[in-house]
Amino acid sequence: MKKRPLETRVYKYKNKNRNFFCPLCRTERNVQVSPKLTKKNVRQISLTSLMLGGLLFPVVGVESFCVFFLVWGAFELAVRSDYKKQVPCPHCGFDATWYKRDVKVARQKVAEFWAQKQVANPSVSEAATKQA
Ligand SMILES: [Zn+2]
């Protein structure tokens, strides 16, 4: 009986995400299809705004429930930035959204990714220059 929630979670996870192989480094990637709020997010938004609204109610009255829109906006931003963060490949910096729009920018992003890696880990840059 304890296995049940785990199975449904895996099922949902597979449905919500898209699996593909990074065209640059061939790592298997798993990316959420769209930056939309999930039902869980909506529940969190409602609960958070109810709590905040309840807290602010004695101070500002009925208008306190306007925090709902603030909370909603904050969640939208968080979900979108999460989505953007997961698009570039964590192994080679390849960004599929940029590749569709502008290949040159996508290439530059990969170059920047490796430049940053070299700054973070100088020993890697030494090895790379020796190879080159
Ligand atoms: Zn990659």
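The expected span of a helix is 1.5 Å times one less than its number of residues; helices (H or I, at least four residues) and strands (E, at least two) are DSSP runs, numbered from the N terminus. This is a predicted model, in which local features need pLDDT of at least 70, side-chain atom pairs count only at pLDDT 80 or more, and totals for chains, interfaces and linings use all residues. Residues are numbered from 1 along each chain as its sequence is written.

Next, select α2, residues 39-60. Its 22 residues reach 29 Å from the first C-alpha to the last, close to the expected 32 Å. At G54, shortly before P58, α2 has a kink of about 30 degrees (the angle between axes fitted to the seven residues ending there and the seven starting there). Just after the helix, G61 takes a positive phi of about 75 degrees.

To view the contact (C-beta atoms, placed from the backbone, within 7 Å), select N41, I45, T48, S49, L52, G53 and L56 of α2 with V67, F68, V71, W72, F75 and V79 of α3. These residues divide into nine nonpolar (Ala, Val, Leu, Ile, Met, Phe, Trp, Tyr, Cys and Pro), four polar and no charged (Asp, Glu, Lys and Arg), where polar covers the others, Gly among them.

Notes:
Axes are lines fitted to C-alpha atoms, for helices over the stretch in contact, and angles run from 0 to 180 degrees between N-to-C directions. Two residues are in contact if their C-beta atoms, placed from the backbone, lie within 7 Å.
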